[in-house]
Amino acid sequence: MKNLLQRILFFGLVLNCLACQQSVTDKSTLAIFTPSKQASGNSTITKLDDYWYQGKAEISSYDLAQVRYRDQHPGEAVLIFVTEDFLTDKQVKNDNYTNKNSTPILKNNSVRRFTTGIYDYSIMTSVFTPTNTEKFPNTQKVTISAQDWCGQSFMQFNREKSKYKVVLRSYFESEGDKDFTVNASLLEDELMNRIRINPDALPVGKTSLVPSATILRLMHLPTRSFEANITKGKYKGNELGKKDLIAYTIDYPELDRQVTIFYQQKAPYIIEGWQDTYRAISGEKLTTRATRKQTVMTPYWQQNNVREVKLRKDLDLVTF
């Protein structure tokens with residue numbers, strides 16, 4: 001009896017681990033990645049299904065020059081895109097599959113690490129965007145945490161009807177421990193997910209946007225939407241050393257800030273880099289730049305032992 005109980009417990013643990021590690025389990029039951037009703041017969045749909053639902057995550061590394069204070073600081077960035085099942089009522093990952101309020105999402109974990117003189121920064125943003133955009137047209141959740149030697153801060157957006165419920169925790173007296181709501185405008189943080197799901201549906205022209213959580217935290221801006229002018233066209237520069245790219249540019253007149261995301265024209269629309277130009281704390285206008293180094297598709301959550309640290313070389317990442 002004791003051995004039987006142990007086997008049952010072990011089997012249950014294995015199933016639970018598999019559920020935690022697995023992406024969306026059955027793509028055949030999902031209405032996802034549809035560019036538009038007019039393009040519903042496009043083979044791009046099948047290509048994206050095959051790409052995202054292979055039980056792996058897409059990980060891309062970037063050389064980073066991050067604006068902070070009065071300089072561009074060296075660092076690296078990583079974008080981790082992965083599909084998951086997401087509970088729309090609790091707004092967390094569906095671990096147990098006992099709750100019917102579930103939908104597939106594309107999650108982007110964005111990590112930035114850079115030095116500022118003697119000390120360093122670490123910023124991570126997570127964005128949870130449903131892939132069934134007809135049923136769920138809005139990103140459901142965004143979180144950000146930022147750490148440096150001065151302290152740390154945390155911010156979370158949760159979609160609730162026509163608003164986002166926002167939680168802010170910060171070591172700054174003027175910001176710390178606030179709970180409030182903002183109108184559910186489009187979020188700058190969700191634009192990369194929108195590119196990966198369906199770049200043809202990206203907004204252009206005058207649009208109301210909530211700036212990225214990263215810039216809100218670094219520049220201590222008010223959490224609200226700002227008017228932006230958005231353009232999309234072929235990339236004509238040579239800094240990225242790539243051809244056949246699209247440049248998606250967001251211009252915030254009130255903030256005197258311009259953001260451009262560069263992505264591949266063809267599916268799966270890999271992000272080649274981005275730049276973000278604004279006035280630093282010094283008052284000088286400077287530009288943050290990120291340029292893609294490597295991209296791999298891998299089940300990283302299974303690659304966590306000491307021997308597998310060598311896999312970081314495939315992404316040209318710093319190894320401690």
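Me: Start with Tyr235. Buried or exposed?
Reply: This is a predicted model. In it, Tyr235 has 13% relative accessibility. Buried means under 20%, so Tyr235 counts as buried.

Me: And Phe262, buried or exposed?
Reply: Phe262 comes out at 7% relative accessibility, so Phe262 counts as buried too.

Me: OK, how many aromatic pairs does the structure hold?
Reply: There are 11 aromatic pairs.

Me: What kind of pair do Tyr235 and Phe262 make, and why?
Reply: Their ring centres are 5.0 Å apart and the planes are at 65°, so this pair is edge-to-face. The cut-off for that label is over 60 degrees.

Me: Next: which residues form one aromatic cluster?
Reply: The cluster is made of Phe114, Tyr119, Tyr121 and Trp149.

Me: What about the pair Tyr119 and Tyr121? How are the rings arranged?
Reply: The Tyr119 and Tyr121 pair is tilted, with 6.0 Å centre to centre and 35° between the planes. Both residues are buried.

Me: Changing topic. Which ring does the charged end of Arg196 sit over?
Reply: The ring of Phe81, with the charged end 4.8 Å from the ring's centre.

Me: And Arg224?
Reply: The charged end of Arg224 sits over the ring of Phe226, 3.9 Å from the centre of that ring.

Terms used. Residues numbered from 1 in each chain as written. Predicted model: local features only at pLDDT ≥ 70, side-chain atom pairs only at ≥ 80, totals over all residues. Heavy atoms only, no water. Phe/Tyr/Trp six-rings, centres within 6.5 Å; stacked < 30°, edge-to-face > 60°. Buried < 20%, exposed > 50% of the residue type's maximum accessible area, 1.4 Å probe, protein only. Lys NZ or Arg CZ within 6 Å of the ring centre and 35° of its normal.
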